[in-house]
Amino acid sequence: MQGKKQFTDQVVTHFRLSERVPSHNLYRRLDELLDLDFLYEETHALYSHTGQPSLDPVVFFKLLLVGCLENITSDRRLLAHCALRLDILLFLGYELDQELPWHSTVSRTRQLYPAALFEHLFDRVFGLCVAQGIVKGDTQAVDSAPIKANASLDSVREKQAPAQLPPFSVVGREPATVAPPPAPVRSAPAHQLRYEATRQAKRQREPGALGAHHTQARLLSNKTHYSPTDPDARISVKPGKARALNYLCSLAVDTAYGVISHMQADLADTRDSRYLPTIVQQVQQRLARNELQLQDLVADTGYSNGFNYALLENSGVTPWIPVFGAYKPAVEGFTYHETTDEYRCRADKPLPFRKYRLSADGNWLKHYRAFYQDCQHCPFKTSCVPSADHKQLNRSAFDAAYHRAWHRQRSRQGQHMRRVRQRTVEPVFGHLLHQYGLRRINVRGQAGAQKSMLLAAIGYNLKKLLRYRPAQTMRLAITLPRPPAPPPPAPALRWQSRRKWRNAKRQLFTPTPNQSSATATSVQETLRSPRGEALLRASKGTQPAAGARSAAPSGSTAHMLGHSTAQTSRWNKQAEFNL
């Protein structure tokens, strides 16, 4: 008979949530692993002693962790998703008939808590990873990637100087001056503004790409434009992707098991090399708190900087960072002498070190200049410095550190470290962007971006911790009895002896490379004669036959025949086989 299920919406009186969630569930295991009771003490100073009770700090951070693990960035969608999952309700500590917090409460609580609290939670989870043994700490890989901000390019405005509003007067009161609203000004150096103006003028004159002459097309730059929606977001572009307002996500990953050891949100309009000292300092402090030490640091060319090389080497860390492509380890036509710190040209004239210079970008340079008299009377002046009085060279103040890094990247270990960085950092960024809600930051401001990135790193490390299974080896000692003595060797079979002497016969009557055919023929005739048979019987130890003459011993036989003892032994064996 066909069955038909009948459903009646009724109140369940006997129901326990913990019985419906299995013990191997992700959130149940996470609840057993993670202890967040320290948050009550950390957040106690942020609340007043009066008023309505706030959202539980432990529940708030659990909600944010669920959002990262479920790849949900919207607070409304997060709360709607949690209401449908029994395991998440058990993880949060809510019953089926209890209402979850309002989405605006979660947003305001996120703004209330400082980024240092999120950093403290990250340190706790990192300490659990160290205690489990999945962090070695000796080698760290550093990289960065742009993360989309919660702002659009359509809202970008041009930076202007603050305009002074005219004072106004009110009838019966003295004139007052109202301060104008704060407006961003162009704070970039003059040479950068001139370069930007030249670049934009050149772009407008050239044909450009499709849509470059559209009425709404604009040439945007962080030096001349800003976003009023999110002032901390910066205009940046990555090869192969569209221009957008982004933040820069910088992280460090331990190469042992891929655990994130540091995460920070930076401005996207600055080079990666400027943030490396801060990253190294934070990583070293975190490793020192867990009794670990940093020895090798791996990064890409974006972190190449002479100051970074010198800083890492002075800290006892080996920098495995390739130098940028424009670096040349030697100046063509000039030879450097380290003892005197000078260059020498083709005419063997010195270019001594003169002074340090500061470039327009803030980099320190060493200035080398030849003497005026040497260049004026030099036969190579027309090809070396045709329009100058003397030759000048500008090298980086950290040229020695650059040179060591250049040699490291070409070594076999340098190639190995490059592959280590590729297989360690790149997968981590792929997981964070596509599975942990970092494709787009849902909050505004650099502090909010820092909180979101730290939460994604916490969720990633927690999953690494839950999936780790230490290798267990079973050791068993068994006492075995002493093996019996081996039996005596069995006598050789008759067919084995025949085969053995057959091979000996073949070797005997085959001329060897050191034995001529005439010699072999004479030996065979001697063995076939009666005297040879008697000699073979004497070497075997048997009695001579009737009518045969007595034979000498084997040694005398070898002497009489004029051959070696080894050859005589072969003949004796062959003769024994024939007999």
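This is a predicted model: local features need pLDDT of at least 70, side-chain atom pairs count only at pLDDT 80 or more; totals for chains, interfaces and linings use all residues.
A residue counts as buried when its relative accessible area is under 20%.

Asp123 is partly exposed, its relative accessible area being 22%. Seen as a group, Glu119, Asp123, Arg286 and Arg289 are linked in a network of salt bridges. The structure as a whole holds 16 salt bridges.

Another of the charged pairs joins Glu313 and Arg408, whose side chains meet in a salt bridge with an N to O distance of 3.5 Å. Glu313 sits in helix 11 (residues 306–314) and Arg408 in helix 14 (residues 399–409), so this pair ties together parts that are 95 residues apart in sequence. Glu313 counts as partly exposed at 25% relative accessibility, whereas Arg408 is buried, at 17% relative accessible area.

Helix packing comes next, and helix 4 is a handy point of reference. Two packed helices are described by the angle between their axes and by the distance between the axes. Helix 4 (residues 57–69) packs against helix 7 (residues 103–112) at an angle of about 100°, and the axes are 11 Å apart. With this angle, helix 4 is roughly perpendicular to helix 7. On the helix 4 side, the contact involves Phe60, Leu63 and Leu64, which meet Val106, Thr109 and Arg110 of helix 7. By class, the residues of the contact between helix 4 and helix 7 comprise 4 nonpolar, 1 polar and 1 charged.

Helix 4 also meets helix 16 (residues 446–467): their axes come within 9 Å and cross at roughly 75°. Angles of 65 to 115 degrees count as roughly perpendicular, and helix 4 and helix 16 are therefore roughly perpendicular to each other. Helix 4 contributes Leu64, Leu65, Cys68 and Leu69 to this contact, while helix 16 supplies Leu455, Ala456, Ile458, Gly459, Leu462 and Lys463. The contact of helix 4 with helix 16 divides by class into 8 nonpolar residues, 1 polar and 1 charged.

Turning to the strands, an open sheet is formed by 5 strands in the order 9-10-11-12-13, with antiparallel pairing. Strand 9 (335–337) and strand 13 (392–396) are the edge strands, each pairing on one side only. From one strand to the next, the twist averages 35°. Within this sheet, strand 10 (residues 342–344) and strand 11 (residues 350–358) run antiparallel and are joined by 3 bridges. Glu342 stands opposite Pro352, which is in strand 11.

Note on methods:
Residues are numbered from 1 along each chain as its sequence is written. Side-chain values use heavy atoms; hydrogens and water are left out. A salt bridge is a side-chain nitrogen of Lys or Arg within 4 Å of a carboxyl oxygen of Asp or Glu. Buried means under 20% relative accessible area, exposed over 50%, partly exposed in between (1.4 Å probe, protein chains only). Helices (H or I, at least four residues) and strands (E, at least two) are DSSP runs, numbered from the N terminus. Axes are lines fitted to C-alpha atoms, for helices over the stretch in contact, and angles run from 0 to 180 degrees between N-to-C directions. Angles under 35 degrees count as roughly parallel, over 145 as roughly antiparallel, 65 to 115 as roughly perpendicular and the rest as oblique. Contact means heavy atoms within 4.5 Å. Ala, Val, Leu, Ile, Met, Phe, Trp, Tyr, Cys and Pro count as nonpolar, Asp, Glu, Lys and Arg as charged, and the others, Gly among them, as polar. Two strands pair if DSSP finds at least two bridges between them.
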